[in-house]
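Hi,

Here is the structure I promised to pass on. Have a look at it first, and my notes follow below.

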Amino acid sequence: MTTNLVIAPLLVSFVAAIAAILTRTAPRVQRTVSLLGAVGYTVAVGALLTRVWPANTLAYQVGDWPAPYGITLVADPLSAFMLAMTAVVAPLVLVYSLRYVHAPGQRVSYHTLFHFLLVGSTGAFLTGDVFNLFVWFEVTLMASYGLVAFYSGKDGTLAATRYVVLNLVGSSVMLLAVGGIYGVTGTLNMADIARWLAHASPAESAPVLGLSLLLLAVFALKAGLVPFQWWVPAAYSAAPAPAAAMLAGVAKKVGVYAIVRLGFTVFAAASPGVVLPYLDTGLLAAYGPVLFVMAGASVLVGGFVALDRPSLEETFAYSSIGQVGFIVLPLVVAAAVPDLRAAGVAAALVYALNHAFAKPLLFLVTGTVGQAAGTTDLGDLGGLAGRTPVLAGAFLVGGLSLVGIPPLAGFFGKLLVFRSAAVGGSTGVLAVAVLGAILTIGYVSRTWNRGFWGERPPAVEAMAAPDRVQVAVIVAFAACILVVGVGFDPVYRFAEAAGHVATGAGRDAYIRAVLGGGSA
């Protein structure tokens, strides 16, 4: 089976980024090239999915240098799930951007930054070694920084500076941890690290525990989990609406993916007894409590603060913190209960998919309302449902999906989170999930009542008609949420296949494919 397709999405996004730079003097050509690049990315990911589905693992050895000595790119059901999610979100957001971002901004930097964000995220999803994961994190960081500071105003510059400083500290910690892992294991290749841990004694692999927890903290920072969430509200509020949609829908998922890939595919291979000698535990036994504290705090902090935010973008920014906590909750159960690892990872991926569609939808609604009404302050809004019923209907789909109303995608995400907690006997996770669900109902209802229901204030009465293309993109996101919910069975089977990487058999298949240089 050919493995050349593994590199195709990365190459397409990289070529699109360079082409956007070269065509800056011809804005119409630049926009066309950028859009073709996004469509080409989706086609490349689709072609790769046909090779990975239903449960294949493909490894591409760059320059024909064999693993673990060369650079390896790996496509398995887990990375393919994340790529498929990105391949749906990115083209829709780009189409919206063409009508939202002002022409000079598009010409100078927007399209290049957009595609480099895709490059970094795609590289992170496909890389097979921890050092290149660091490299792709940095590519994503640079593009994200440019998007957050895009408007070059005081608030944007301040938010971007805080964002980049915090993430640079995280990157430094990550580099130290990667160096430490190399010093202990003698390799940077993920499959080779997993193989080394599987054969090492508890005494030999014990140092990896502390180093892996450092990496876990960095990944939590990238995902915006508490206590590393401080960059999220300011960054999302300062960035253009489509940039915020990409940060929430794609960039945040890189951190979640890294937690799953490193935690469950690599470090879970460590011999029992690493955490507590003479007990049948591995590295994941230490992850469970840490993940629970971060996920639980994220759900509660994000939910409570979102209840009284004055504007749409601030409400959705804090909501995003809480929703990422929901994504991580089933991973807590998966870390604690070995028999539920595949099911827990699958639940996290399903919830991540709902978040990847619902959160961009809400941020794009914010952008459209802001352009048409001149404000996103809930105190100045009201009656939008009567003024723009299609836009309001799409918002309602996104909001209800976060709440978890059937038959929307969010219903199955919430259901699987509750199921994982119940089957795993985790009362704490279940309690946090219930309280988080109540908080979600609270801030979604508040936003609807204050922004879309009731009397129309002057700003809404005088608002211009929303851009039709923007509304069409938002409706497309709402349709994605509905389609995933109605046709959930194949989506769940895909998530189950991705969750299989958290099992011993899935890890063995990954190791064979990478170190054998082919497919498994």
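**Salt bridges**

Glu314 is partly exposed, with a relative accessible area of 24% (buried means under 20%, exposed over 50%, partly exposed in between, with a 1.4 Å probe and protein chains only). Before I go on, note that this is a predicted model, where local features need pLDDT of at least 70 and side-chain atom pairs count only at pLDDT 80 or more, while totals for chains, interfaces and linings use all residues. Residues are numbered from 1 along each chain as its sequence is written, and side-chain values use heavy atoms, with hydrogens and water left out.

Back to Glu314: this residue forms a salt bridge with Arg309, with the closest N and O atoms 3.8 Å apart. By salt bridge I mean a side-chain nitrogen of Lys or Arg within 4 Å of a carboxyl oxygen of Asp or Glu. Asp308 comes in too, as Asp308, Arg309 and Glu314 are linked in a network of salt bridges.

The structure holds six salt bridges. One of them pairs Asp76 with Arg261, the closest N and O atoms being 2.7 Å apart. That pair links distant parts of the chain, 185 residues apart: Asp76 sits in the loop between β2 (72-75) and α3 (77-100), and Arg261 in helix α10 (residues 241-266). (Helices, H or I and at least four residues, and strands, E and at least two, are DSSP runs numbered from the N terminus.) Asp76 counts as buried at 1% relative accessibility, and Arg261 counts as buried at 1% as well.

Arg493 and Asp489 form another salt bridge, with 3.2 Å between the closest N and O atoms. Both lie in helix α20 (residues 488-499), four residues apart, about one turn of the helix. Arg493 counts as partly exposed at 41% relative accessibility.

**Cavities**

A cavity here is a set of points, on a 1 Å grid over the protein atoms alone, where a 1.4 Å probe fits but cannot get out; lining residues have an atom within 4 Å of a point.

The largest cavity is lined by 14 residues, of which Thr140, Tyr163, Asn167, Lys222 and Ala251 lie nearest its centre. Helix α10 turns up again here, giving the most to that lining with five residues.

**Loops and backbone**

Two cis peptide bonds are worth a look. Trp53 and Pro54 are joined by one, with omega about 0 degrees, and Pro54 is in the loop between α2 (27-52) and β1 (58-61). Ala67 and Pro68 are joined by another, with omega about 10 degrees, and Pro68 is in the loop between β1 and β2.

Asp64 is also placed in the loop between β1 and β2. Its phi is near 60 degrees, a positive value in a residue other than glycine. Asp64 is exposed, with a relative accessible area of 70%. As a reminder, most residues other than glycine have a negative phi, and most peptide bonds are trans.

**Helix α1**

Phe14 is found in helix α1 (residues 8-22) and is partly exposed, with a relative accessible area of 41%. Ile21 is found in helix α1 and counts as partly exposed at 33% relative accessibility.

Cheers

Conventions:
1 Å grid on protein atoms, 1.4 Å probe; cavity = no way out; pocket = protein on both sides within 12 Å on 5 of 7 lines; lining within 4 Å.
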